[in-house]
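Subject: Structure handover and findings

Dear colleague,

Here is the structure for you to take over. My notes follow below it.

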Amino acid sequence: MTKTIVVTSGKGGVGKTTTSASIATGLARRGFKTVVIDFDVGLRNLDLIMGCERRVVYDLVNLVNQESSLHQTLIKDKRLDNLYILPASQTRDKDALTIEGIARVMHKLKKAEFDYIICDSPAGIEKGAKMALYFADEAVVTTNPEVSSVRDSDRILGILQSESKRSKMNEDPVKEHLLITRYNPSRVKDGQMLSVDDIVDLLAIPLLGIIPESPSVLESSNAGKPVILDEESAAGQAYSDAIDRLLGEAKPHRFMEVQKKGILSRLFG
Amino acid sequence: MGIFSFFRSRNDGTTAKVAKDRLQVLIAHERSDRNGPDFLPMLRQDILDVIKKYVDVGEDSVSVNLGQQDACDVLELNITLPEDEVIKVEPSAEAKRRAAERRAAVISGR
Ligand SMILES: Nc1ncnc2c1ncn2[C@@H]1O[C@H](COP(=O)(O)OP(=O)(O)OP(=O)(O)O)[C@@H](O)[C@H]1O
Ligand SMILES: [Mg+2]
């Protein structure tokens, strides 16, 4: 059975693409045949984060328009055997996608026996974002501890509950997960930033994970290597925990506390 | 941990607390708007406009919710009036005009 997961947020720049790349990589690493689709038509970026930008030939719009085959369009990841990237078009606009066209692509991916389809949503609550979430079985609502991000997450939850295929067909609702990214425990402690508890309280959906604000995210994107592969980094470990939870494992949440520093800063900090 | 943050509870007076309180109100509003029938936001606005003719209330003083009780749909209307300023408030020009009209009607025996 293929599972389709959308990574969505409403607000832009909160970490959807970073998250999509790491979730797809994490699932593939655990042995699942996985494809990650960039729905940000016109603003392709996932290819850069995955490090496959120079191998893009065809894109999602070509595939939707039946100008290329699935085999021609999917880019095989250079590190993991069962991971594929489906890039967005850089030249077309969002109107190039239709629900019928995407339905055909989803059908082909199911026939190719993918275990997971990860959909990296564009920002906003317009057509592009609606298209990305339409076929979702599960949603990773990516939220920063910040007022406008929390509000937009709530709006996107409303759209998931009323405009996804599952809601329109009266099927079981899309399973919602909250992923808090760019979390800064020391600012939370000082009362400058919404806490995990605050956000869970407000959005009232189950918490999948907390990804701390971490310099390794930028370094990983510089290198074109999803941060989950950086096992030393807090963000990489946090994404790895989130994958375990996505697969049903109960893992305690980490990275909510201010990281312990050396003995000196513990005495004087 | 600094000695001051040790004594200060995270929950009062911080900007995070303010953010949470604002979001709580806003999200509740937006949820009831999108869960109810399409006309609820407009109904809310119309009611607000009427109240404003008589009382000096803020934009968020009216909330309209559609709930359910047993088998009935219940339209719940919540109007928050300012605490003690209600009486002191100068009637709006519109209220004065209507009052004058009413009196004129009484005098002329209509
Ligand atoms: N945990 C983190 N720590 C530090 N920086 C982060 C973290 N997560 C994301 N970022 C940075 O935030 C920026 C936006 O990330 P990303 O592109 O993943 O967001 P997005 O939601 O996909 O944006 P868009 O809405 O434009 O598609 C990037 O510069 C990324 O490096
Ligand atoms: Mg993105």
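Val217(A) is partly exposed, because its relative accessibility is 24% and the class runs between buried, under 20% relative accessible area, and exposed, over 50% (1.4 Å probe, protein chains only). The residue sits in helix 11 (residues 215-223) of chain A. Helices here are DSSP runs of H or I with at least four residues, strands are runs of E with at least two, and both are numbered from the N terminus. Val217(A) touches Thr18(A), Val227(A) and Ala235(A), leaving out residues up to four places away in sequence. Contact means heavy atoms within 4.5 Å.

Some ground rules. This is a predicted model, where local features need pLDDT of at least 70 and side-chain atom pairs count only at pLDDT 80 or more, while totals for chains, interfaces and linings use all residues. Residues are numbered from 1 along each chain as its sequence is written, chains are lettered from A and ligands numbered from 1 in the order in which they are written, and side-chain values use heavy atoms, with hydrogens and water left out.

Next, the ligand. Gly15(A) has a polar backbone atom 3.0 Å from an oxygen atom of ligand 1. Lys16(A) places a polar side-chain atom 2.8 Å from an oxygen atom of ligand 1. For Thr18(A), the distance from a polar side-chain atom to an oxygen atom of ligand 1 is 2.6 Å. A polar contact is a pair of N or O atoms within 3.5 Å; within protein, one must be able to donate a hydrogen and the other to accept it, and residues adjacent in sequence count only if both atoms are side-chain atoms. Ligand 1 alone exposes 640 Å², and the protein buries 77% of that. Areas come from the Shrake-Rupley method with a 1.4 Å probe; for residues, only the protein chains shown count as cover. Around ligand 1 there are 15 residues, of which Gly13(A), Lys16(A), Thr17(A), Thr18(A) and Arg182(A) come nearest. The cut-off for being near is a heavy atom within 4 Å.

Now the cores. A nonpolar core is a set of buried Ala, Val, Leu, Ile, Met, Phe, Trp, Tyr and Cys residues joined through side-chain atoms within 4.5 Å. The largest holds 52 residues, and Val35(A), Ile37(A), Phe39(A), Leu97(A) and Leu109(A) touch the most other members. Helix 7 (residues 147-163) of chain A gives the most to this core, five residues. Another core lies apart from it, with 33 residues, among them Ile5(A), Ala21(A), Val227(A) and Ile243(A). Beyond four places in sequence, the contacts of Val35(A) include Leu74(A), Leu86(A), Leu109(A), Phe114(A) and Tyr116(A).

On to the aromatics. There are three aromatic pairs over all chains. One is Phe32(A) with Tyr116(A), edge-to-face, at 5.3 Å centre to centre and 90° between the planes. Phe32(A) is in the loop between helix 1 (16-29) and strand 2 (34-38) of chain A, and Tyr116(A) is in strand 5 (residues 116-120) of chain A, so the pair ties together parts 84 residues apart in sequence. Phe32(A) is partly exposed at 26% relative accessibility, whereas Tyr116(A) is buried at 8%. Tyr134(A) and Phe135(A) are also edge-to-face, because their ring centres are 5.0 Å apart and their planes are at 80°. Rings of Phe, Tyr and Trp (its six-membered ring) pair if their centres lie within 6.5 Å; planes under 30 degrees apart count as stacked, over 60 as edge-to-face and the rest as tilted. Tyr134(A) is buried at 13% relative accessibility, and Phe135(A) is buried at 15%.

Two buried polar residues. Thr2(A), in the segment before strand 1 (3-8) of chain A, has 11% relative accessibility and counts as buried. A polar atom of its side chain is 2.8 Å from the backbone oxygen of Phe114(A). Asp244(A) belongs to helix 12 (residues 234-246) of chain A. Its relative accessible area is 11%, so Asp244(A) counts as buried. Asp244(A) touches Arg30(A), Glu249(A) and Lys251(A), not counting residues up to four places away in sequence.

Last, chain B. It has five helices and two strands, in the order α-α-α-β-β-α-α. Of its 110 residues, 21% count as buried.

Best regards
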